[in-house]
Amino acid sequence: MELLETQDPEKKKLIESSLRHKQEMEREVKDISDRSEKMLKNALIIGGALALTYVVVSQLSSSKTKKKKAKRSKNVSVEDDEEDETPSVFSQMGDKLVSTATVFLLDLAKEKLSDYLQNKKTKDENS
């Protein structure tokens with residue numbers, strides 16, 4: 001049967017064309033899956049950075065409000081509140097560290113997002 005197919009030049013051309021199209025489609029599917037995997041990784045990195053920033057900020061801000069509420073519930077005098085509200089060196093360092101980490105993570109997320117948008121823009125222009 002293959003002998004008959006290879007003897008007919010038109011069938012041979014059609015079979016070769018079919019194989020080329022199949023290989024091209026497989027290559028395109030692989031490219032699409034690679035691009036979508038890369039986009040998913042970038043989205044996970046950006047989402048993780050934002051989630052981590054949110055958790056850190058919410059944990060640090062909630063611990064301060066809990067302390068203040070606990071102090072008020074014990075009916076501490078006004079003078080004691082004024083003395084305790086002055087931030088210590090460690091809390092100032094912690095605040096500075098949190099703000100620096102937040103800026104770093106947001107900058108990383110911004111870079112990843114701009115890379116993603118730039119790649120998408122160039123791919124749209126090429127299409």
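**Charged pairs along the helices**

Analyst: Let's start with Lys41, which counts as partly exposed at 49% relative accessibility. On this scale, buried means under 20% relative accessible area, exposed means over 50%, and partly exposed is in between (1.4 Å probe, protein chains only). Before going on, keep in mind that this is a predicted model: local features need pLDDT of at least 70, side-chain atom pairs count only at pLDDT 80 or more, and totals for chains, interfaces and linings use all residues. Residues are numbered from 1 along each chain as its sequence is written, and side-chain values use heavy atoms, leaving out hydrogens and water.

Back to Lys41: its salt-bridge partner is Glu37, with the closest N and O atoms 3.6 Å apart. A salt bridge here is a side-chain nitrogen of Lys or Arg within 4 Å of a carboxyl oxygen of Asp or Glu. Side chains of opposite charge can pair when their charged atoms come close. Glu37 is partly exposed too, at 42% relative accessible area. Both residues sit in helix α2, 4 residues apart, or about one turn of the helix. Helices are DSSP runs (H or I, at least four residues), numbered from the N terminus.

The structure holds 3 salt bridges, and another one joins Lys30 and Asp34, at 3.3 Å from N to O. About one helical turn separates Lys30 and Asp34 because they are 4 residues apart in helix α2. Asp34 is partly exposed, with a relative accessible area of 37%.

Now hop over to helix α4, residues 89-126, where Lys110 and Asp107 lie 3 residues apart, again about one turn. Their side chains meet in a salt bridge of 3.6 Å, N to O. Lys110 is exposed, with 53% relative accessible area, while Asp107 is partly exposed at 33%.

Leaving aside residues up to four places away in sequence, Thr102 touches Thr53 and Val57; touching, or contact, means heavy atoms within 4.5 Å.

One last stop is Leu60, back in helix α2, which spans residues 9-73. Leu60 is partly exposed, at 35% relative accessible area.

Methods:
Helices (H or I, at least four residues) and strands (E, at least two) are DSSP runs, numbered from the N terminus.
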